[in-house]
Amino acid sequence: MDQERDRLKELEDDDRRYIWHPFTQMQEYEKETPLIIERAEGVYLFDIHGKRYMDGVSSLWVNVHGHRRPEIDRAIKEQIDRVSHSTLLGISNVPAIELAKKLVKITPPGLEKVFYSDSGSTAVEIALKISFQFFQHRMGKSCKKTRFIALTNAYHGDTIGSVSVGGIPLFHDLFHPLLFPCDFAPSPYCYRCPLEMTYPSCSLACADELENTVRRIHEETAALIIEPLVQGAAGMLTAPPGYLARVRKICTRYDLLMIADEVATGFGRTGTLFACEQEGVTPDLLCLAKGMTGGYLPLAATLTTQEVFDAFLGPYEEFKTFFHGHTYTGNPLACAAALASISLLSPEEVLPGFQARIQCLSEELARLQGLNHVGEVRQKGFMVGIELVRNRTAKEPYPLKDQVGHRVILEARKKGMIIRPLGNVIVLMPPLCMEEGEIREMVAITGAAIREVTE
Ligand code: PLP
């Protein structure tokens with residue numbers, strides 16, 4: 001007994017001593033007892049003391065079918081018995097081929113080629129570099145199309161390229177001297193409309209603004225990057241209907257490549273397999289990661305059209321090769337996990353009951369709308385952002401230094417649920433398999449935690 005207690009104490013001490021946690025103020029973290037996960041089952045995580053927590057954010061938006069799903073466990077174990085890793089640089093492997101074929105089949109029509117990497121940020125870096133190089137090849141070395149357009153409040157990852165197209169001041173401003181130039185158009189954030197208009201009477205004025213920007217600088221711009229339907233890390237900002245399709249039209253009209261970053265929205269999250277489907281959009285490049293392996297292993301993909309791919313073909317000495325590749329590109333274990341996860345997303349498995357569960361989530365969330373400090377509840381499928389405000393009438397935000405979101409998630413943790421805030425926005429991103437009883441429990445804990453902190 002004493003030995004076990006010492007082991008757990010040592011783990012807690014060593015966590016604080018050796019790990020630098022991402023997006024975490026370590027000076028504060030080191031004062032608290034760390035929460036250390038040891039095992040999981042379905043939608044629950046268990047810490048080293050055996051306490052059970054609901055996984056309300058799918059272990060950072062990745063878990064799709066719950067933890068320890070036998071089909072995915074088995075696929076990885078079987079692949080280990082064949083080969084765990086071999087390179088894709090110049091040679092291939094079986095699961096990478098099968099997965100590429102599958103991805104081309106299930107993504108919007110017109111995407112034909114798959115370039116693998118290992119995180120959402122790398123999927124985006126690759127899309128940016130491909131777009132840049134595409135125009136260098138297509139129009140010759142003097143090509144001026146070298147810039148990018150993104151949206152304010154955008155988040156595309158933490159590497160320098162993906163930060164360059166990021167629009168969240170708290171995360172991105174400091175690095176400004178290191179970044180390449182990017183132009184920003186207003187985010188379709190209806191609750192705090194940057195143009196001070198109201199949907200639908202605005203007739204998508206933010207898309208008109210975007211078009212004005214594109215019209216002005218399209219000759220210097222290679223691509224526009226967008227998170228389709230939901231700007232996730234900005235606080236689950238849900239775009240009004242029609243916005244995405246408008247963006248596609250603008251890109252086509254002004255000869256810009258459209259990069260859809262579905263790292264967060266992909267694999268069922270928004271209620272359809274991919275968010276682009278909801279507005280009949282095929283981007284020129286599609287970035288996937290997070291949910292692709294069902295939350296098991298790091299894997300990402302950047303898909304492109306045949307036209308983009310063809311621009312990189314030619315005799316070696318023309319040096320049109322895409323000189324880019326990560327060591328674990330197309331890792332067979334990760335690809336085997338992704339194949340198993342995607343087959344569970346088939347029309348017979350997760351998706352049929354999913355619309356009913358989304359509806360159940362909406363009904364439960366409606367109860368939170370009335371809370372004194374809930375400004376807006378945003379939902380798209382199983383992506384939820386609850387924006388907390390100091391004053392509802394004035395939509396006055398809480399000062400960031402008050403850490404209201406953080407305090408709410410600590411309260412939720414005491415009540416047996418793990419979630420993570422985005423500033424003053426409480427995020428719920430449950431595994432897609434979460435059942436109605438569990439959904440009710442998740443929202444009830446969230447409401448109680450919000451009340452505890454704000455009232
Ligand atoms: N793009 C989007 C839309 C994201 O939400 C994220 C992560 O949250 C990323 C890119 C970066 O992904 P990763 O953290 O795997 O690098």
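**Figure 1. Overall fold of the protein chain.** Of the 455 residues in the protein chain, 53% are buried, where buried means under 20% relative accessible area, exposed means over 50%, and partly exposed lies in between (1.4 Å probe, protein chains only). The model is predicted: local features need pLDDT of at least 70 and side-chain atom pairs count only at pLDDT 80 or more, whereas totals for chains, interfaces and linings use all residues. Residues are numbered from 1 along each chain as its sequence is written, and side-chain values use heavy atoms, with hydrogens and water left out. The protein chain contains 15 helices and 18 strands; these are DSSP runs numbered from the N terminus, with helices (H or I) of at least four residues and strands (E) of at least two. The radius of gyration of the protein chain is 22 Å, close to the 23 Å given by the globule rule for 455 residues, so the chain is as compact as a globular protein of that length. This radius is taken over C-alpha atoms, and the globule rule is 2.2 Å times the number of residues to the power 0.38. Along the principal axes, the C-alpha atoms fill a box of roughly 70 × 60 × 45 Å. Among contacts in the protein chain with a separation of 6 or more, 70% are between residues 24 or more positions apart, a contact being heavy atoms within 4.5 Å.

Figure 2. The residues around the ligand are Trp61, Ser119, Gly120, Ser121, Tyr155, His156, Gly157, Glu227, Asp261, Val263, Ala264 and Lys290, each with a heavy atom within 4 Å of the ligand. By class, this shell has four nonpolar, five polar and three charged residues; Ala, Val, Leu, Ile, Met, Phe, Trp, Tyr, Cys and Pro count as nonpolar, Asp, Glu, Lys and Arg as charged, and the others, Gly among them, as polar.

Figure 3. A side-chain N or O atom of Ser121 is 2.6 Å from an oxygen atom of the ligand. A polar side-chain atom of Asp261 lies 2.6 Å from a ligand nitrogen atom, and one of Lys290 lies 3.3 Å from a ligand oxygen atom. The protein buries 83% of the 390 Å² that the ligand exposes when taken alone; accessible areas come from the Shrake-Rupley method with a 1.4 Å probe, and for residues only the protein chains shown count as cover. A polar contact is a pair of N or O atoms within 3.5 Å; within protein, one must be able to donate a hydrogen and the other to accept it, and residues adjacent in sequence count only if both atoms are side-chain atoms.

**Figure 4. Backbone geometry at Lys290.** Lys290 lies in the loop between strand E11 (285-288) and strand E12 (300-305). Its phi is near 20°, a positive value in a residue other than glycine. Lys290 is partly exposed, at 25% relative accessibility.

**Figure 5. The loop between E6 and H9.** Pro200 lies in the loop between strand E6 (182-185) and helix H9 (205-217). A cis peptide bond, with omega about 5°, joins Tyr199 and Pro200. Leu204 lies in this loop between E6 and H9 and has a positive phi near 55°. At 11% relative accessibility, Leu204 is buried.

**Figure 6. Thr454 in helix H15.** Thr454 is placed in helix H15 (residues 436-454) and is buried, with a relative accessible area of 12%. Its side chain reaches the backbone oxygen of Ile450 at 2.7 Å. Apart from neighbours within four places in sequence, Thr454 is in contact with His373, Tyr398 and Val404.
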